[in-house]
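Hello,

Here is the structure for you to look over. My notes follow below it.

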Amino acid sequence: EVTGLTCFECCAVQLGEIDRAPKGAKLPRRLALKFALRGLATLPKGDEGNQAKTAALLMVAELQKQLREDGFFAEIDALGQALQQSGLSVSSSEAYNIACATALAAEATAARRFKVLGDHDGEATQVDADQHSLSEPEVGQRAGALRDKAFYWLQKAVDLGFKNDAHARNDADLTCLREDPRFESTLAKMR
């Protein structure tokens, strides 16, 4: 089982495979996500640790971009949580982008437009079926929890120096947050 820097090398290989894979192919994305999450959980110390941290931030940024393009927003949230747990510092723009992806996940959840990557096709199909069988209150709870996480990441972006309230106010990714009173108070902190 690979750990540390080797995980990010494997992640880079899988990200390269995404461009060569047939449209919609999930395997390279699954493997890249698995390697990135494992690498974040096993960051080494010392010189190799510094290389791994640099690789982690590069790989996570590219993987987030790929997942976002394909609509796998919950997986971006999982990457954000792994980044947070790893102790790596994220930039204000990275935190803002995670907030946007998490808000999109909340919106998709509320509209029952679930898209799950999963570890394998069988799991993705089962998770998809489970999510479509949720009651309206359960869907509301899940969407609400994702909105809360989006606000967490927006606040983190502010704490890290994000100061573009005009952009955030008009960002279509944050549409589902606009009715929440926290949105205006967060925007006020971005001025």
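**Salt bridges and overall build**

Arg-112 is partly exposed, with 22% relative accessible area (buried is under 20%, exposed over 50%, partly exposed in between; 1.4 Å probe, protein chains only). Its side chain meets that of Glu-136 in a salt bridge, 3.2 Å from N to O (a side-chain nitrogen of Lys or Arg within 4 Å of a carboxyl oxygen of Asp or Glu). Arg-112 sits in the loop between α5 (92-110) and α6, and Glu-136 in helix α7, so the pair ties together parts 24 residues apart in sequence (helices are DSSP runs of H or I, at least four residues, and strands runs of E, at least two, numbered from the N terminus). Glu-136 is exposed, at 54%.

This is a predicted model: local features need pLDDT of at least 70, side-chain atom pairs count only at pLDDT 80 or more, and totals for chains, interfaces and linings use all residues. Residues are numbered from 1 along each chain as its sequence is written, and side-chain values use heavy atoms, leaving out hydrogens and water.

The whole structure has 11 salt bridges. Two others:

- Arg-30 pairs with Asp-121, closest N and O atoms 2.7 Å apart. Arg-30 is in helix α2 (residues 27-41) and Asp-121 in helix α6 (residues 121-132), 91 residues apart. Arg-30 counts as buried at 9%; Asp-121 is partly exposed at 49%.
- Asp-77 pairs with Lys-149 at 3.0 Å, N to O. Asp-77 is buried at 5%; Lys-149 is partly exposed at 32%.

Now the fold. The protein chain has nine helices and zero strands. Of its 191 residues, 46% count as buried.

Best wishes
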